[in-house]
Amino acid sequence: MYAQKSAIIKGHITDALTGSSMEFVNVVEIDKNGRFVSGTISDLNGNYIIKVANDKNPLQISFIGYKKQTTDINGKTQIDIKLESDDQTLGEFRVEGQKISNDGFTKVRDRATAVQRIDMKDMKTLMSTSVEDLLQGRMGNVDISSISGDPGAGLNIRIRGTATLNARNSPLIVINGIPYDAQIDQNFDFASADVEKFGNLIDVSPEDIETIEVLKDASSTAAWGSKAANGVLMIKTKRGIKSKPIFEYTFKNTIAKEPAAIPMLDGPGYGRLITEEFYNWNRNVFSSDLRFKQISYNPASWDGEPVNLYNNYSQYTDWVKEITQIAHTKQHDFSIRGGGEKSRYNMSVGFFDETGTTINNGLKKLNLRSSLDYDLSSKLQFKSDIMFTRYDQYNTYDSEDDSYTYTGRQVRSIAYKRMPNLSVMYRDTSNISYGDYYTPTETLQGTAFSNYNPVAFATLGQNKQLKDNARALFNIKYNILETLIFNSTVTLDIFDNKREKFLPYKAIGYEYNSSITNQAFNEFSKKSSIYTYNQVIYSPKLGENHDLALIGQLDTEETLQRYLSTETSISASSEIQQPIGDKHLNGFRSWYTKFRSMGLFVNASYKLYDKYIFTLGTKYEGNSKYSADSRWGLFPTVSAAWRINKENFLKEVTFIDDLKIRGSWGQTGNSPDGQYLYFNTYRAGSDISYLDMQGVRPNGIELTRLKWETIDQMNAGLTFFGLDNRLQIEFDYYQKTTLDLYLKDSGIPATAGFGSFNQNNGELENRGMEFLIDYTVIKKKDFQLNFSINLSNNKNVVIDLPDNYSLKYGNMLENGQYKISIKPGEPMGGFFGYNYLGVYKNDADAIVRDKDGEPIYGLNKEVPLNMIMGGTSAYVFEGGDAKYEDVNSDGKIDELDLVYLGDLNPKLMGGFSNRIQYKGFVVNTFFYFKVGQKIINQTRMNTENMYGFDNQSRATNWRWRRDGDITDMPRAIYDRGFNWLGSSRFVEDGSYLRLKTLSLSYNFNESFAQKLKFKDLKVYATAYNLYTWTKYSGQDPDVAPPSKPDKLPKDESRTPPSGKILIGVNITF
Amino acid sequence: MVKYRILNPIFFAIILMALALSSCKDWLSIAPENNLIKEKFWTKTEDVDGALAATYDAFRNGAVGSLAWGEIRADLVVFPAGQSNYNRIAASDINSSNDAINWGSYYETINLANTLMFYDKEVFEKDKTFTLEMKNGVDAEALFLRSLSYFYLVRVWKDVPLVLNPSISDTSALFLPKVSEKEVIGQIIKDLLVAKDLAYTTEFRNDPQHPAYFNGRANKYSIMSLLADVYLWDQQYQKCIDYCDSVSNSGLFSLESTETWFNIYNPGNSPKESIFEIQYDDNLDGQENPFYNDILFAKPGLTFGKIVTSLFDKEDLRLFGGDFKYLGITIDSPVGRSSNQRDGHFIYYRYADILLMKAEAFTELGNFVLANEMVRVTINRAGLNHGEIVVKEDLRKAILDERGREFLLEGKRWFDLLRAAKRNNFEKKQIIIDMILAGADIQRQAVLRTKVFDTMSYYLPIPERDLIYNPFLLQNTFYNR
C-alpha cells in the first residue's frame, strides 16, 4: 500500500517514421478503470507537460492516424514518445469490415438483411442541394418522386412499393437513432384525409450527413417496430473527431429553369378556336354574340365600349411564361469539428435561400446543429445533439389548399387556360399600363372566382409559413463490463408551424366585400414528442469462433399535437391581413391529440466461425390507438447468412473478398393514421338538433375488432465483394404480404344505421427484385474509374378484398373521368377507360359496325345505325367526334366498353453512374430511369378538349374542321359531345431516362491550397436534370403516385422539377 | 478525487422495464380530450334528450323522401325537371342504382331509436332526476319513430330487414336478411300497443315554454293515429275505427273551419287539427325545410298532374293549396313565405286523416251511412257539398278522390292508391296499372305493359349499395330479372 503521489511529466512527441515533431497530440492520464484523470495536448513544437494525480497511473498518447500508445510513468519525469502511423485505421477497405451499421451494434459486414448504405464520403465530389436529390435512383426500390417543384413541397418516398391502403406508406426517417416525423397529423379531421400534399422533408443539410442506410426487410427494421413498416431511411450525421479543429466551408449557387411547357394558342388562334367551337355548337356565327368582342382584335367590333376595354382584350400574353421565372438557390454551410481524447465536438451552421420557378415561391432555411461526445472514462460516455431549423417559406395562395388543387383552380392550371388576349396589367385609353393588374370580375371564361388573373393572384396572394423545428438528444452509454453495455437515449422533438394566408380583393378582382376576398387564414400547429430508448447489449466472450450478441431494448414515445386555425373574410382593408376584428368568420377549428407507444425488442445474433450468421428477434409493441384487447402485437423476425468464401473449397479463390448468401423473414406491424381509433365518439351540433333540443349522436360504431395491420416479408439475397473489394454485387428478392389490411370507410349496409366503418380485412402483395453492381475498374493514386448500376422492380397486386370495400370511382358517361376499381388480382393504382380510335371523318363514318367492320343496319335495312352515347344523354356521334372502340358492338358507348388502361407502377427502375478521377479532377455522371408507368396527362386533357372557353394547346391546330378531314384531334364543340371521355387518348407512357446529374469537380493540390492557407480547396459544377429522354408529352414524367387508392395518377400541371446548374466551392482549413 | 457513484444500470433497467410493462396498460389508455365518447355519455337526463333530438332529426332527414314516396309514382304531382332521379322513378324507369332510392334515413332513425332504448335504462339507473315517467315517454317516442320508419319501409319496399337491436360495435349484427311485410307489420302493431300506454298525453299541450312539443313530438294521440293507419293498411278495419274513435273521443281535436283552413299550413301546428308534424324552423341553424330549395324554388318548378283538373271542383278551396301549402299563401294575403322562411312543417297526421281513415274502414265493413258522414265533413269544410253514395265501389272511389284532394302534396296519394289496389290480394291492381300506363309516354307504355302486372313492381328495388355490402340481402324479385 502506497499513497497517491502527484507528479509533473514533460516530454517531446515525434513521428516515428519521419522524426518530425507532432503538434496537438493527446496525452492523457488514465486510472485503472480506464477513466480519464487528466489530460493535455502537445504544443506546436511537439512538447507537452502534464500534471498527473497519481504517478502509478499510465499515460495514454494518441493522435488520429497513429497507433495509440500507453506507457507507465515509473517515476520518470521526462517521457519522449515516438508515434507510429496506423495504416489500419486509414486504409479505406480494410476498415469496411469493422464498420458499424447505423443501428449501433451490427457490423456492416455481418448483416444478413437487406440494407443499402450510402457513405457520403463517396459522394463528396457530387454536391447536391438536398438529401432527396442525392438519393433518387441510387438505391434499389427506393422510389422518390417530387410532389411539386415548388420550394418546400417535399417528396413522395416509397420503399418496395405501396403496402397499405389507408395507413401511411412513407418510410420512417431516423436521424441519429431517433425517429424523425415532421408531419403533423392532418387526419384528425376524419372527413378530409389527404396525405398527398404533405411530403417528407429531410431536415438535414447534405453537408452534415455521414452515412445513409436504407433498411428494407422486416428483419432489419424489426427494432423500429410499426413505425418502420414501410422501411427505414437511417441518417447518421457527422460527429466530432479526435483532431485539432477543422473548419469547413461550402458554398453552392444553383440556377434552375423549368422544362418547356405545353405550347399554347396565341390570342388570334384562340379567337378562331372559340368561334369554331361556338359554330359547331349551335350553327351560329359567334360574332353575333356579344361575347365575341372579347376575342376580337378588330377595334371596330368594340364599338360602343370604352376604348381601354379593347386595349385590355387585344394583347398577346403567354400566361405560363408570365408566372414562371428562373430560380436561384444559395447555400452556405460552415462547420467546425475536432476534439481530444475526452471530448469531441461538431458544430455547423447552414443557410439556404431558394426561390421557386413559379413566381412568389421561395424558402429560406437556417440550420444549426451541434454534437458533443464526452468520454468520462473508457466505461462511461455521454453524447448530446442539438439541432434547430427554421423555415421561412412562402408559396402562392393556392398551394396545399383543397378548394384550389382539386378544382383545377391552382395558379398553373389557370395560367394554361386563361385567354391569351387578356392583358396582365391594366391599360388605359392610350394603351399605357400602370402598376395595377387587370382583374376583370367576369370575362367570356366566367367569373374571376375560377378564372382569375394568375399573375395578380400569385403576386398579391400570400401563403407564408414559419416553421421551427428543434431537437435535443441526450445519450448515455455505460460499459458495465467489457461484455455488457447499457445505452440510453432521451430525445425531445418540437415542430412548430404557423401558416398565414391572405387573399386581397385585388388579387382576384372581386369587390372587397365579397366573401371570397380579403380572406385571412391563420393556422397554428405544434407537435412535440418525447422518445426514449434503453438498450442492454450483452456480448459474452465465447472464444474465437463464436460471436454472440444479445440485445434488449425498451422504447417509448409520447406525442402531443395541438392545432388551431381560424379564417375570416371581408375585412375592411387589404392591409388587415390577420383574421382579427369584426369580420365575417368562415371557420374556426381547434383540436388536441395525444399518442403513446411502447415497444420491447429482444434480439440475439450469433456467428460461428465467421461463416454462419443467425439472428432471431422479436418486437412486442403496443400503442394508444387500439383498445386494451388488441393493443399489443408480437412481431417475430429471423435471418441467416452463410459466408461461403470462408469454406475450404473457396479458400483458394483469392479474388473473392466476401461472398454471402442471406435470407430473412419477419413480420412488422403497421398502424393507421389518426388517434383514438377504437373509441365510439359522439357529436353534438345544431345541424342534428330538433326544435330547441340539442342533438347528440354517435359518429359510428365502436371498433372493437381493430387490430394491427401485419406486413409479412421474406427476403433472399446475395452479397459479393471481390477483386480487392473493387467489385461489389448485391442481389435481393423479396415478397411482402400485407395481412389484415386496414380498410377505412368499408361500407356497411344502410340498415345498420351507419354508412361505413373501419376494419382489418384483405390482403395485398408486393414482390420484387433489386440488383446492384459497383465496379471500380481502375484504382490508382492519380486515376480512378468506377461504374455502378442498380436495377429494381416491384409488382403490386391485391390478393383479397372484402365485398364491402368496393372501390369504384368515376362516372364514365361524363367527360373527363376515369374509372378506378380495385379488385383482387389487379394492382393498385390501375384505371379503366375507353379505347380511343381517332376521329370520325364525317357523319357517315359515325355508324355502328360489327366486329368485321361491316355496318350494322336498322330495321329498314338501308340506313346504318348511328353510334350513340350510353346513358340518358341520347347523344348521336357526328363527323369530327372522337371515336371510341365499341367493344361489345352494341352501337352504344357505355361502361361495357371500358378497357384496362394501365397503372402507375413502373415495371423497372434504376440508375447507373460513372465516376472518373484523374488527379484533382472528378467527373460524375448519373442516369436515372423508370420504365412502364402509365400517366394520365390531365394537363393535355384540359388543353385539348375544346369544350369550353379555356385556352387550348397548339396541338389543337390539327383539329378536325370539315368533312373528310383525317386527323387524331377531334373537332371543337362548345359544351356538347363526348370528345374528352376518359380514354387511352390522354394516357401516356411515362417511361423516361434522365441524365440526372453531370458533375465536374476539381481538387486543388495541397501545395497550392496551403499557399492560400487552406488545407483543402475544391471547386465543382453540377448540372441536374440536364436532359430527359421520354415520349411523354407533358412537362415532366416524374409524377408522384397518388397517396390514396381513390386518386388517379394524374399530371395536373404542378410546378415540375427543373433543370438546374449548381456551382460551388468547398474549403477546409 | 471525485468519486462517481452510479446506480447499477442493469438493475436500473430491469426496474424500469418492469415498472413500464406493469403500468403500461394504463399508460397506453388515453381517451380523446376534445371529443365526447360513449364512456362519458349516457349518464344524465340531458344525454337522453340529446339522443332523442338526434333521432327526430334523422327521421326528419327522410321527410323529403317520405313526401316523394307518397307522391312521385302517383298522379297528382310532377316533380321539377331538375329532379331527374325522381323523374325516372315517376316514369317507372327504376333501377337499384338510382341514388334517390335510399332508405338510409329510416334505418338511421331505427338505429338511433334502438340505441336510445338500449341506453336510457343505464341513465335511469345513474340519474335519479330521470324519472320512470320520463323514461317511458322517451321509449314511447322512440317506438313511434321506429314504427313510423318501418311503416314507410314496408309500404315502399315491402319485405325489409327488421332491425330491433342497436348497432353498437363491429360485433353487432350488421348484416341482416329481409323479413316478410307481415312480420314487420306485426312488430309495428306490437310496439305501438306498448308505446300508446307509455306515452305522454296532454303534458305539452298549451305549454308556453315548448309550444311545438305537442305537435312536433309523438304522444298518445299521434301513436294511436299511426296505429289506426297501420290497421287500415293491414285490413283490420274495426281496430282502425277503434283507434280513430279513441283519438276523436279525447276531445282534443277538430277540423279548422273553412275560413281558418290555411292556418294548418301557415303558421302550422294548428291547435285544433294538427296531430303530428315534423317541425322545421328557418331561424334555427340546420332546421330549415329542404323541400323549398330542392323542389319549390326550383325552376322550372313543381307542377300538377293532368288528373288534378278533373279531380277538383273549381270552387274547391284546396286546389288553391297545392305546393302553396308549403309556401303558405292564404286567400286573404296572396304572399308566400320568403326564401328565408323555409319553415313549413311536414304533416304526418291531422284530424281530417282520422275522419277519412274511418270513412274508408266503415266502407269496407259495409257501414256506408257512417262512411258518407265522415267524407261529408271534409268536403263541406272545403266549401262543397257531398251527395250520399250507396254503391260500395263508388264510395271507395269517392273516398280515394277525397283523400287525393284533402292531402294534395302531403305525401299520401301513392299509399292510398296502393292500399286500395292491394286490398284482398291485389284485387284492384288495375288502379295502379292504369295510373302507371297513363303516366308513361307511348314508347314506354309498350315496355311497361308486360311488366305492370307483377305486383312486386309497385315496390322499389333494394338500393344497390346495400345489395353489394350485405350478402344476405336478396333483391325484390321484380328487379332481379
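Predicted model: local features only at pLDDT ≥ 70, side-chain atom pairs only at ≥ 80, totals over all residues.
**Where chain B meets chain A**

In this structure, 69 residues of chain B are in contact with 69 residues of chain A.

Sorted by class, the side of chain B that touches chain A consists of 39 nonpolar, 15 polar and 15 charged residues.

How many salt bridges are there between chain B and chain A? The count between these two chains is 2, while over all chains the count comes to 74 salt bridges. In general, side chains of opposite charge can pair when their charged atoms come close. One salt bridge joins the side chains of Glu702(A) and Lys38(B), with a distance of 2.4 Å from N to O. Another is formed by Glu108(B) and Arg697(A), whose closest N and O atoms are 2.8 Å apart. This pair crosses between the chains, running from helix H5 of chain B, which holds Glu108(B), to strand E33 of chain A, which holds Arg697(A).

Strand E33 of chain A brings me to the sheet. Three strands, in the order E33(A)-E32(A)-E1(B), form an open sheet with antiparallel pairing. Strand E33 (693-698) of chain A and E1 of chain B stand at the edges with a single partner strand each, so one side of each is left without a neighbour in the sheet. As a reminder, strands of a sheet pair through backbone hydrogen bonds, either parallel or antiparallel. Within chain A, E32(A) and E33(A) run antiparallel and are joined by 5 bridges. Across the chain boundary, strand E32 (residues 681-690) of chain A pairs with E1(B), also in the antiparallel sense, over 2 bridges.

Which residue of E1(B) stands opposite Tyr682(A)? That residue is Leu36(B), and Tyr682(A) also stands opposite Pro698(A) in E33(A).

Next, the aromatic residues. Over all chains the count comes to 70 aromatic pairs. One of them is the edge-to-face pair of Phe783(A) and Tyr918(A), at 6.4 Å centre to centre with 70° between the planes. Phe783(A) lies in strand E39 (residues 783-800) of chain A and Tyr918(A) in strand E48 (residues 908-918) of chain A, so this pair ties together parts that are 135 residues apart in sequence.

I will finish with two points of backbone geometry, against the background that most residues other than glycine have a negative phi, and most peptide bonds are trans. Asn266(B) and Pro267(B) are joined by a cis peptide bond, with omega about 10°, and Pro267(B) lies in the loop between helix H10 (237-249) and E5 of chain B. In chain A, Asp740(A) is a residue other than glycine with a positive phi, near 50°, and Asp740(A) is found in the loop between strand E35 (727-739) and strand E36 (742-747).

Terms used: Residues numbered from 1 in each chain as written. Chains lettered and ligands numbered in written order. Heavy atoms only, no water. Contact = heavy atoms within 4.5 Å. Salt bridge = Lys/Arg side-chain N within 4 Å of Asp/Glu carboxyl O. Nonpolar A, V, L, I, M, F, W, Y, C, P; charged D, E, K, R; others polar. Pairing = 2+ DSSP bridges. Helix = DSSP H or I, 4+ residues; strand = E, 2+ residues; numbered from the N terminus. Phe/Tyr/Trp six-rings, centres within 6.5 Å; stacked < 30°, edge-to-face > 60°.
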